[in-house]
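Here is a brief report on selected local features of a protein model. Please read it with the sequence and structure open.

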Number of protein chains: 2
Amino acid sequence: MRGAVWYGRRDIRIMDVPEPPSPGPGEVKIKVAWVGVCGTDLHEYAAGPIFMPLEPHPLTGKSAPLVTGHEFSGVIAEVGPGVDNFKPGDRVTADSATWCGECWPCRHEEFSLCDKAAFLGLGRDGVFAEYVTIPVGGVFHLPPEVSLQIGSFCEPTAVAVHALRRGRMIPGETVLIIGPGNQGLLTWQILNHSGAFKVFMAARKGMRADLARKLGAEVLDPTEVDVVAEVKERTGGLGVDLTIETAGVPETVSMALQATRKLGRVVEVGIFEKPVTFDLNDLVFCERELIGIFNNGGEFPQAIQFLADGRVDPTPMISNRISLEDVVEKGFEECINNKRGNIKVIVNCNKDLADL
Amino acid sequence: MRGAVWYGRRDIRIMDVPEPPSPGPGEVKIKVAWVGVCGTDLHEYAAGPIFMPLEPHPLTGKSAPLVTGHEFSGVIAEVGPGVDNFKPGDRVTADSATWCGECWPCRHEEFSLCDKAAFLGLGRDGVFAEYVTIPVGGVFHLPPEVSLQIGSFCEPTAVAVHALRRGRMIPGETVLIIGPGNQGLLTWQILNHSGAFKVFMAARKGMRADLARKLGAEVLDPTEVDVVAEVKERTGGLGVDLTIETAGVPETVSMALQATRKLGRVVEVGIFEKPVTFDLNDLVFCERELIGIFNNGGEFPQAIQFLADGRVDPTPMISNRISLEDVVEKGFEECINNKRGNIKVIVNCNKDLADL
């Protein structure tokens with residue numbers, strides 16, 4: 001079969017690779033439909049190896065070169081022994097994490113934090129390929145209302161729900177989202193239907209900010225206004241109850257803390273390329289909380305429901321639909337070189353599943 | 001009356017000052033017994049003004065020079081109109097904060113975070129003096145079991161309880177305390193009676209660490225062992241559920257995050273003298289939380305109970321008892337120049353209240 005294989009920094013090759021084996025007990029083999037190009041993939045392509053194992057992965061024994069990609073939808077091709085709830089032809093998505101089931105996080109059902117977590121495309125072969133075989137534990141059915149294209153957004157939507165859960169958001173609160181990327185825009189759509197009293201989005205001008213405005217977001221451009229001052233003014237001097245920080249750079253961490261009210265929460269969704277310097281008194285003096293999140297925490301059911309009933313509609317965020325053969329040029333390179341001109345590029349891995 | 005007045009950095013003067021007026025409605029006048037020399041006082045003496053107002057304070061209209069000091073005990077001298085629950089002769093302590101009663105934090109009973117909070121010795125005259133007049137809202141009775149000397153520890157003990165509340169500590173958890181100062185040792189004593197499964201204390205060798213060991217703490221000396229590795233080894237590879245970080249320096253923030261388990265909480269009690277650089281991926285990848293606290297959050301009743309029944313006994317932490325006339329030389333200067341040789345110096349402000 002065809003697959004996009006990570007060999008090294010700036011070296012992903014579209015090539016023939018062995019089709020994954022028939023599923024073993026508790027596994028399913030999935031024919032891949034659509035895959036989103038994610039920020040994590042881009043980090044690994046441009047600056048990796050970050051998570052990509054060069055030594056045998058502790059859970060899977062695999063190491064680079066590996067097929068990349070993890071945000072996806074597909075159709076069950078084959079089920080292994082003991083799998084009762086899925087059958088060939090079922091339309092599905094899956095968690096990017098696979099896990100050991102034995103460690104402390106697994107025993108607490110925090111599978112993304114598994115001590116040996118192997119993520120698709122990072123600790124085991126991923127989904128920029130025609131087929132993938134994975135444990136059934138992370139696989140979820142897509143309801144009829146969710147197309148396979150939209151199904152590839154389940155994983156980042158689950159992350160967005162997770163951020164709000166970890167941030168202990170309650171109806172009636174005010175929220176600031178920093179960053180108008182895919183994660184920020186999905187979060188905005190969820191908040192728009194979750195009883196948030198006011199939602200602000202900090203976003204520099206460009207097509208992402210334009211889309212945020214078009215979707216109805218109240219955008220504050222940090223090149224035009226003092227975001228912290230503006231948020232405070234529009235919240236009666238308080239600051240927001242909750243900030244979702246998706247950008248992961250030093251300036252936005254300080255902005256997040258300062259724009260949040262006393263005793264408020266900042267959820268950090270971004271991944272940092274280097275150590276960050278900031279004034280921790282911004283945390284201490286106002287008793288703010290800084291809460292890390294990594295991937296999802298089992299929120300696929302909520303995410304799928306939002307996508308099914310249209311409260312979350314990622315369609316306008318799809319900046320291009322490409323084929324697997326073009327993933328390097330029109331996917332990775334395009335997203336890196338024209339970051340502000342793209343939100344989400346999705347990749348079709350089997351032509352017969354392009355329209356389902 | 002005599003008082004210790006902050007005039008500027010390294011310039012605190014023991015001098016005659018006007019006795020505070022008779023209490024107005026809702027106020028009490030307190031004859032001061034014992035006052036602890038606190039880290040905040042030392043910061044203000046050595047590196048101030050930090051909180052000390054040079055312009056009129058928004059709540060009180062006061063500005064430096066001001067009588068300093070805030071951790072104290074005393075006896076009611078006089079009560080103002082409308083004060084029913086206190087009478088002259090009552091033995092008391094009080095919150096260091098006074099507040100406006102109108103702002104968002106006040107309406108949420110988070111008085112220390114009042115937008116106009118005026119702390120004793122910082123936004124209004126403090127307690128390194130013979131008398132102080134303050135609003136009754138922050139005043140608490142001392143039960144007979146709590147001597148006036150021990151009563152001066154109510155405020156830092158309340159802060160320690162607050163840190164555990166904000167850290168959402170539950171019985172059976174493992175805890176790391178970083179820093180063997182007064183705050184760390186009070187926290188240790190509370191945890192020793194609060195169902196913590198294991199408590200570690202990170203402390204460099206010296207009299208503070210020696211006292212911690214003598215009290216029963218399991219001390220890890222960062223100059224002798226890798227604290228993070230040691231904590232992980234002694235917690236089955238996990239790290240602790242909760243870390244209370246009292247040191248407020250860059251190395252201890254990283255230590256705190258790394259020694260805490262996935263999804264665990266770090267409470268930051270320290271105040272920072274400058275911006276801190278650390279790897280926020282230590283927060284994000286393990287979904288840890290960093291929670292700021294500032295002063296107490298209304299935990300005086302719990303603190304007073306702990307001191308009354310002896311579960312918390314600060315007596316061994318008192319490294320010297322001095323008189324108000326000696327507070328600069330034997331208090332501020334001694335604590336700064338011989339930091340590791342002192343834990344808590346307490347200051348008597350009225351000789352007739354020295355032994356009550």
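B:K262 sits in strand β15 of chain B, residues 260–268. Helices (H or I, at least four residues) and strands (E, at least two) are DSSP runs, numbered from the N terminus. B:K262 is buried, at 18% relative accessible area. Buried means under 20% relative accessible area, exposed over 50%, and partly exposed in between (1.4 Å probe, protein chains only). The side chain of B:K262 reaches the backbone oxygen of A:L113 at 2.6 Å. Beyond its neighbours within four places in sequence, B:K262 is in contact with A:W104, A:P105, A:L113, A:C114, A:D115 and B:C286. Contact means heavy atoms within 4.5 Å.

This is a predicted model: local features need pLDDT of at least 70, side-chain atom pairs count only at pLDDT 80 or more, and totals for chains, interfaces and linings use all residues. Residues are numbered from 1 along each chain as its sequence is written, chains are lettered from A and ligands numbered from 1 in the order in which they are written, and side-chain values use heavy atoms, with hydrogens and water left out.

## An asparagine facing chain B

A:N281 belongs to helix α9 of chain A, residues 281–284. Is A:N281 buried or exposed? A:N281 is buried, with a relative accessible area of 10%. The side chain of A:N281 reaches the backbone oxygen of B:F272 at 2.7 Å. Not counting residues up to four places away in sequence, A:N281 touches A:C286, B:I271 and B:F272. A:L257 is 24 residues from A:N281 in sequence, and their C-alpha atoms are 9.9 Å apart.

## An aspartate with two polar partners

A:D241 is part of strand β14 of chain A, residues 240–245. A:D241 counts as buried, at 13% relative accessibility. Its side chain makes a polar contact with the side chain of A:R261, at 2.6 Å. A polar contact is a pair of N or O atoms within 3.5 Å; within protein, one must be able to donate a hydrogen and the other to accept it, and residues adjacent in sequence count only if both atoms are side-chain atoms. A polar atom of the A:D241 side chain also lies 2.8 Å from the backbone nitrogen of A:T174.

Leaving aside neighbours within four places in sequence, A:D241 is in contact with A:E173, A:T174, A:T260, A:R261, A:G264 and A:R265.

## Helix packing

In chain B, the axes of helix α4 (residues 154–166) and helix α10 (residues 300–308) come within 8 Å and cross at roughly 115°. Axes are lines fitted to C-alpha atoms, for helices over the stretch in contact, and angles run from 0 to 180 degrees between N-to-C directions. Angles under 35 degrees count as roughly parallel, over 145 as roughly antiparallel, 65 to 115 as roughly perpendicular and the rest as oblique. On the α4(B) side, the contact is made by B:C154, B:E155, B:T157, B:A158 and B:V161. On the α10(B) side are B:F300, B:Q302, B:A303, B:I304, B:F306 and B:L307. These residues divide into 8 nonpolar, 2 polar and 1 charged. Ala, Val, Leu, Ile, Met, Phe, Trp, Tyr, Cys and Pro count as nonpolar, Asp, Glu, Lys and Arg as charged, and the others, Gly among them, as polar.

In chain A, helix α5 (residues 182–191) and helix α6 (residues 207–215) pack at about 10°, with axes 11 Å apart. α5(A) and α6(A) are therefore roughly parallel to each other. A:L185, A:W188 and A:Q189 in α5(A) meet A:L211, A:A212 and A:L215 in α6(A). That contact has 5 nonpolar, 1 polar and no charged residues.

## An enclosed helix

Helix α8 of chain B covers residues 250–259. Because 7 of its 10 residues are buried, α8(B) is largely enclosed by the rest of the structure. The buried residues are B:T252, B:V253, B:S254, B:M255, B:A256, B:L257 and B:A259.

## Backbone details

A cis peptide bond joins A:G48 and A:P49, with omega about 0°. The peptide bond from A:A64 to A:P65 is cis, with omega near 0°. A:P49 is in the loop between α1 (39–47) and β4 (66–67) of chain A. A:P65 is placed in the loop between α1 and β4 of chain A.

A:N295 is not a glycine, yet its phi is positive, near 65°. A:N295 lies in the loop between β17 (289–292) and α10 (300–308) of chain A. A:N295 is buried, at 13% relative accessible area. B:E287 has a positive phi of about 50°, although it is not a glycine. B:E287 lies between α9 (281–284) and β17 (289–292) of chain B, in the loop. B:E287 is buried, with a relative accessible area of 1%.
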